[in-house]
Each structure stands twice: as C-alpha cells, then as structure tokens.
Amino acid sequence: MTTQSPPEAVEAPVEFVAPSRLSASQRFVATVVRSREASIVLVLVLVIVAATIASPSFLFAETSWRDLLLTPSILMLLAVGQAVVVITRSVDLSVGSVLGLTAYLTGRLFVDTNLPIVVVALAAIALGAVLGMVNGLVVALARVPALVITLGTLYIYRGIVLSWAGSNRINASDMPDAFGRLGTQSVLGLPILFLVAVAVLVAVGYYLHTARGGREMYAIGSDPDAAVLYGLPVRRRVFAAFVLSGGLAGLAGVVYAARYGTISSSAGTGIELQAVAAVVIGGVAIFGGSGTVWGAAIGAILLVTINRALPIVGIPDFWQQALVGVLILGAIVLDRILAARRARILVEARDAQGATA
Amino acid sequence: MKFQNKKVLGLVAGSVVLALAATGCGKGSGDGGGAAGGGGGSKATITFLPKNLGNPYFDTSDKGGANAIKEFGGTYSQVGPQDASPDGQAQYIDTAAQKHTDAIVMSANDPKALCDSVKSAQDAGTKVVTFDSDTGPGCRDLFVNQATAEGIATVEVDMIADQIGDAGEIAILSSTPNATNQNAWIEIMKKDLATNHPKIKLDEVAYGTDDDQTSFDKTASLLQKHPNLKGIISPTTIGIAAAARYLSTSDKKGKVALTGLGTPNQMRKYVTDGTVTEFALWNPEDLGYLAAYAAKALVDGDITGKKGDTFKAGKLGEFKVGDDQTVLLGDPFKFNKSNIGQFNF
Amino acid sequence: MSTTTTTAGRTRDYPSYSRPLWWRIAFTRESAVIALLVGVLLWAIYGVLYFGTQLTMTFLFLDIAPILLIALPMTAVIVTGEIDLSVASVVGLSSSVLGLLVHHGWSVPLAALVCLVVGLACGALNGFLIAYVGLPSLAVTIGTLALFRGIAVGLLGTTAVTTFPSRWTSLAKAQIGSTGVPVIVIPIVVLAIVFTLLLHFSGFGRGVYDIGLNREAAEFTGVRVARTKFTLFLLTAAVSAFAGIYFTLRFSSSRGDNATGLELQVIAAVLLGGVSIFGGRGGLHGVIAGVLLIGALSSALRLLGVTVNVINIIIGLLLVASVVSTSVLAWISETSARRKNRGRRPSDLPQHAPPGVRTKEKEA
C-alpha cells in the first residue's frame, strides 16, 4: 500500500512534522496569532483599554492620541537598532550617550549654521554611524566583548558631550520653527516622527527577514562558531549591526531634538537600559539568534505607554519602574518556557517519527 | 598550586603595604594649612556651587557672582553636579575644603544632608554662604535670600487666582522633592490657598527634578490625569519653560493657565504667543552679585553673620543681616507682555 | 629516537611555564594595574597641590568605599562568567528601607539588620533565576535592576529621609584615631581578607574559577555549579545592602535614586583590574588596585579642577585600552608563535608522552 521508496533511497525527504493542511493565508494568520509578538500586542491593548476606561481622554483627545504615538518614537528607533545588535549576540550600551551627542550636534548646527533641516538630520545620523563604527571595529576586529567596549564608549561619549556642552544648553527658541513644528505635526492623524520610526522599522524588519545579510545575522547570533566554519562574513555583519545601531541612535537624537526642543548635556542618560529592556520584553533572546524588530518596537511602545497609563489607572508612577522590572523578568521566564516546550515538541516528533518508521 | 598562591598572597600584602605607605607619606606633608583660608582680602578664592550645572537660572546668577568677584579682584570658579542631588554637591564641598578655598557660595539641594560636609569645610577655614536655596541656620555662615518666602509664594498664588478666576483645580510642577526653597514655598502656598482662596483646589504636586525632559513629560501627565485642570504653578525656571513648551503645542493652550517663576529669555516666546499671561522672578544676576559680596565680607572679616551686621555690595548698595543670618535682596518682580522685551537674562 | 623520550621529562608541556617566575609575575594584567596605581599615586602626591594631605585620603576612602565593597564579590561573579547589574539597585533599596524604618522610629542597628535581610532576599531572587532556572544573567539582572530600583523609589515616593541619629552618621564618617583613615576601611579590609581567602585559597574559590573556564567540565569534576553561583549572588546582594547602609549614613540621605549608575563603576573597576569578562581569569589584587586607581585618579583630577566629564572620558579610555590591550597582546603572541614555528616539522617539537607509557620509540 505504500508508494514510498525503500529507506535507503534518498529521494523522499525525512519529515519531522507533517505538512500543514491549512491554506497559505490561514497559516499566516495562525503564525501571527501564535507568535511571541502577539502576546505583547495583547498586553499593550489591555493597558490602553484599562487606561481609556479610567479616563477616556487617554485615547480620544487630540493631544493624547498624538502623545501616545509620539513619545515612544525615540525608544522605538533605539530598540530597533538594539534588536539588530542583540540578534547577533552582542549588546550596545552606548546608545544613550550617542543620542545625547547627536541631539546636541543637531542643536548646535541649527544655532551656528544655516543648514537646511535635512542636511542637519543627515549629519546627525552620520555622526551616530561613525560612533557606532568605533564600537563595531573594536568588537569585530579586536574581538573584545561588546559589553565591555560599549561600557567604555558610554563613558567616553558622555564625557565628550559634557565637555562640549559645558553647562550650556540649546533652547527650543534657538532652533528653526519648522523643525520644532516637525515635533508636533501630523499627517492623516499620525505624527510625522512616528511615521519616521515606522518607516525605519519596516525597512530594517524587511532586511532582517528577507535579505541574506539579515538571515546571516540570525545565524551568527544563533551559533557564532558554526557561522565562522560555514564561511559567513561574521565580522562584516557584526560591524554592520553596530553601525546601524549607532546610525539609528543618531536619528533618535534628531527626533529627540524635535520633540523636546531643549537639549542639555544630560539628554539620553539611562535610555540604553530601557532600550535593552524593550528588546527583551519584545521577545529577542539576549543570546541572539531569535526574535524580531517588530517585537522590539512593540516592546518599546509598551514600556512608554505603561509609563503614561499607570498614573491614570491610579498606580502612583513611582511604581512604574518596579512594574517594568516584573515585565522583563516575566518575558525572560516566558521565553525560556516557550523555548523548552518547542524543543520538547520537536524531540517528541522526532522520536515518534523514529518509532513509526 | 600552593607555591603559586604564596606569591599571590605576597603581592596582595605588598600592594596593601604600598598603599598604606603612600598615604602615610602624604599624612605629614601639607597638613598645617588649616587656618590658611582666612584673611584672603583681595585675593579671595570663591567657588560657586549651584544646584546643578546646565541651568540657565544659575548660569545667570553665577555670572553675576563672577562680575562681582572681578570687581573686587578675587578668583572665581564654578563647579556643580550634573543632576540636582545632595550627594553630588557634597563631593564638591569636600573638594573645596581640601583645596582650602576661601568661600563657597551654594544653592543647596537638601536642607540637612549637606550639613556634615559644610561643617568639615567650615572647620577647614572655608566660609559657606547659601543663596537661593538654604541649608539651615547653624549649617552655613550666611543665607542670601532673593525675597521672603511669603512674598514669593503669595505672588504666585495671586497670579494664578487672577488668571483662572479664583476658582478651579490647579497643580504645582516643582523641581526636586527635597529642595529647601521649593518645599518652603509650597507649604506657604498651601496655607495661602486654604485661607484666602477656598474655591481653588490643589490636585497634585508633581516633581520635574529640574530636568527638562522630565518636566515636559510630567506636564503631559498632569494634563492627562486631571482633565478639569485649570492652572499650573511652576516655581522653577526649568519647569515653567518645559511646561510652557508642551502647553503651547497641545490642545489645552489658552484653556490651562500657567504661571510661576521663569526667566524672561526662556519665556518670551510663550508670553507673546499667549500661552503664559504673567510670571514672576527677581534678577538672579543681582542675587549672585550680592552673594559674592557677602562672601567677600565674611572672608575679609568685615562681618561675622550675626544680626545687625552691615556690608557694602558694590553697585547694589548697603545690606543689613537680618534674622537667622539672612540677607534679603528685595521683592519679586512680575513679567508680562508689556515689559518682557526690556530684559535680557 | 630514544633520546626524545629521555628529554621529554625535562621539557615542560605548557608554553606559559617556560618563562621564569619573575617574568610570569611582572607581565600580568594585575601587575600592570598595580604599577599604574603606584605611578598615579606618586604623580599625584608630588605633582598635584593638596593631594598629599590627610583630608584627601579620608575623602578618597569615603568616596570609593561602596565601589570597593561591591567589587569584591562582583569579581567572583564575573570570574564564573556571569554578571550582576542589579547591585546599584540593591544599594538604593537598602537605602530606602533604612530611611523608611528609621523614619518610623526603628533603631538604626535593627533597621540595618532588616536591610541586610532584604539584600539577601534580592540575591536569592537573582541566584534562583540564574543558577537554578538557568536564565542568562545579563537579562535577569537588567530586570532585577529595574525591579529593585522601582521598589526603592516606590517605597519612599517623593520623600527623602534625611534625619538620622547623629551617632550613626558620624560613625560612618569617623576616623580611626587621628590617622585620617575612615572607620569604614575596617569592614573593607575584613571583607577583602575574607574574599581573598574564599576566592584564592579555598576549594570553593577553585570551583569558581573552574566554572568560569568550562562549566560542564567543572560540573563533571564535582563542583556544585548551581549552588556556587547561588551563593555568589547572595553574597553580592548582601554586600551591596551593607554598602547601601553605609552610603545612607554617610550622606545622611535616604533617597530612592541613591547610587544610580554605581554598577557601571563597579564593573569598570573590576574589568580594569584584570578580570576577564569571559570568566576564569582574574584576581582580587588587581581589582583592589583598579578601584584605588580610579578613585585616586578622580580625586587628583578633581583637585586640579578638571571637570567630571573629562574624568569620565579618562576612565572610559582606560577601560577600553586595558581590554583591547589584552586582545592585542594575545594576537601578538599568537602571530609570533606562528612565525617561530614556521618551517618546524611536528617531530621537532617535544613529545608529550606521560612518563611510564610505553611508546613505539621506547620499544624500538
């Protein structure tokens, strides 16, 4: 009754899991619904619903809606960059200092020169990319662990900002009005800065998912030694990850300048840990090789929205950091449980296959 | 293995001995400079220590101090922590004591936490003058106050009452939770509201920690939490500037009144576009100037800080020390659309 | 052919032991840090005005005491290949709890005891999640960093307790007799001795190094990996709680955000002191020298009027340089070894047959 060739023949591929009987679209929906990212979206929706029930103006007032999307934009950009770095099994702790430096550069360029906004933004992104390049060179070439190097550059870049700025600060009135308006303008109800963050998210997400470089980054994070043996350009990819993280931090600096207007030398202090927290909550494993930038971005939105929603629900905002800590721990434990379950399912399927063959 | 560890032990012992020896060497030299700080006269070294660096209010006050010091030929320096915390300030007081600075002029982040460092500095011969935000009597030689706390608090309450029609909900956006001056003013504001403005309700006191971004976000949060808010008082120049900036781009502009203490340069744009009607301040440059002259008078021995002492403060004239070793600059001044163009600080 | 076997006993197997003893001691990372420390101290005492005073030494020790305290157990944690980023939050939590209890009338010693217990609880959480559940320490301690700091801030709210019985605040700053050495140095020295004995002279310490070098091999050798890691995290949190008590009493200020950022300073000092982030390598002598180096350098630069930012840049550069130099030195020795062995046939290299094993050469 079997039409299969005898076991020695190589034509029939070994199947560990039976092919799905669902259609392509059904499969897509099933993947999305059961994905790790869906769980965070669920939590985010719950938080927003709870806050809106407590105070309808949270969602429906014009400024609140704008703030809901605008405030997380900065952290979204940082989280996307951090996700790429973490996927390659590194970490970048210097993004906060890079943000401060590029935000200050943006302000300084507006005050001292007459360059158009686009040029200033590109200059800030370029500076961020250069700063990321320093990290990338040392990690990729000198083989120094990323944690140590980015810790060092965190101090160095922050020191540079403090020396450069001194006790000066750039005021909102020093910058062109058009730039300040960017911080609050909306297109079709969505703030411009939010659209910028979403555009970056889509671009990076598409690259990671489809481009060869992106898939190689996952491979490197998953098993660096195997990647080297397989012949992947490990150093180039890791270097690129850090340059991307730095460049996005530079863009985040421009967004910061547009949103907050006033830039002091303490801009961005401490935001690097928030970026790593957003990435972890978003499902990116800290040892690399899995997770998506979508998850990281939603994690960033969740973190910022919780900050804003807590006081409305009645929890004094002093407890928000504790809640963030619980979220992070919960996310890590959840990921561990899911990974263990997945491994068990695969092992069981393999054993079952072996038993029936 | 054991052999190797003996060498390690030897190294540990060696480095400990070396460290102790090095510090022991240092003990003898340069130790007798205890009282060398006094009587500096025209070469007085005065260090300005604001609540934190990067604050335009303190940039102005310290500039006034620098001008005064240039006038009487002393040496000026400015140090400060990045964030307005008492332990950050304490380190600088300690450093000034180590360097035998003649006088420290500071705006305190906390009334009690700095007292020990201040006492060590005073023991080392340094005069300690507080301005803008006090530590407490017995914890400094002199306090130069910009105006009476009552004056400052009541003028702000009066302004908000005017602007919201003496009825409604208000909130206060302060700086750090421990700042002496902020808490003194808030206490008086609460009493004033209870006795003279019973129809005004104080919803909340929020803390922007004198950080621009935090104050900006806290304003957004206040407007979110209290949809019926009609007014915000912000008795801190950083807070009112951040709040004005947020308010001017939100849909509450013109519906929620904002007042408090602000600098004309930072607030000019928001007064002209209607976000803010009126706010108050004094001249921080004069405050720093006066504080520097007061420090010089102490260092020279002209005054000791007790009540009734008088000293001359350059172009500001003569000043007398009042109760609790306090010197008053004057009264707060109200800024609005009609006069804001005349000032540049 | 038999000549190779007779000379095999005299040729050492490990290339590193082929160097003389003085070379092995002088050219380690730890010696470099100690030499740098001595150099900086000499420069500061003779070159920087006011550095060589008793007051400077007092302030120096008062300032670096928390970092030095926490660096001791942190060394052991990093040697096992883990990391603990939550130490500053435990300091803050301990500070909050102390302030809250004293504010409500508790006596300081009793409140301090509660703080230590709270610290142990924090360490137990870290240790359980990392050692027994097996989660990565970087992620877990970032989570507990936020959690503990959040609880610290949440407990106190906007209040900051600044009234403490002067008996205890002056004890925190008191000096031993008239030497100018603060009293806090006594617990530091005691803990340093305890941790040195624990890490360098005991079986537990050997286990710590083994875990860092190869966790699975250590497990098979009989080292109780999970229990060792759990103990280390307990110790780290307990010492951090003690540092929090000291910090609070020294500044007479209990705030939820006390000591924010301290963990980075501790880790920077530990890495500067020669401990490898990969684990398995390092010693307390280097770490103590590293902390003293950063403290002395900061103090001297502050006296020179150099601002905090430049001090931060210098510390960052030191950290980067010290870690990069290890990699560079390793690369240099690798390439020089390769160049030395170029053209050598494998039979020229010493055979390492253990004595007593009958080889083909012996039989021939």
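B:Ala292 touches B:Ile46, B:Gly65, B:Ala68, B:Ile69 and B:Val105, leaving aside residues up to four places away in sequence; two residues are in contact if their C-beta atoms, placed from the backbone, lie within 7 Å. The model is predicted, and local features need pLDDT of at least 70, side-chain atom pairs count only at pLDDT 80 or more, and totals for chains, interfaces and linings use all residues. Residues are numbered from 1 along each chain as its sequence is written, while chains are lettered from A and ligands numbered from 1 in the order in which they are written.

B:Ala292 is found in helix 10 (residues 284-300) of chain B. Helices (H or I, at least four residues) and strands (E, at least two) are DSSP runs, numbered from the N terminus. B:Ala292 counts as buried because 33 other C-beta atoms lie within 10 Å. The cut-off for a buried residue is 20 or more other C-beta atoms within 10 Å of its own, an exposed residue has 12 or fewer, and a partly exposed one falls in between, with C-beta atoms placed from the backbone. B:Val129 is 163 residues away from B:Ala292 in sequence, yet the two are 8.7 Å apart in space, C-alpha to C-alpha.

B:Ile46, one of the residues touched by B:Ala292, belongs to a side of strand 1 of chain B on which B:Ile46 and B:Phe48 are buried. In a regular strand the side chains alternate between the two faces of the sheet.

Strand 1 of chain B pairs in the parallel sense with strand 2 (residues 75-78) of chain B over four bridges; strands pair if DSSP finds at least two bridges between them. Four bridges also join strand 1 of chain B to strand 3 (residues 103-106) of chain B, and these two run parallel. The bridge partner of B:Phe48 in strand 2 of chain B is B:Gln78, and in strand 3 of chain B the partner is B:Val105. B:Val105 is also among the residues that B:Ala292 touches. Strand 1, helix 2 (residues 56-71) and strand 2 of chain B make a right-handed β-α-β unit, where right-handed means that, with the strands pointing away from the viewer, the path from the first strand over the helix to the second runs clockwise.

Chain B is divided into domain 1 (40-146 + 284-330) and domain 2 (149-281), with bounds that come from an automatic or database domain assignment. The C-alpha centres of domain 1 and domain 2 of chain B lie 28 Å apart. In chain B, 15 residues of domain 1 are in contact with 12 residues of domain 2. Helix 2 of chain B gives the most to the domain 1 side of this contact, with three residues.

In chain A there are 16 helices and two strands, and 51% of the 357 residues count as buried. Between chain A and chain C, 38 residues of chain A are in contact with 37 residues of chain C. Helix 8 of chain A gives the most to the side that touches chain C, with 13 residues.
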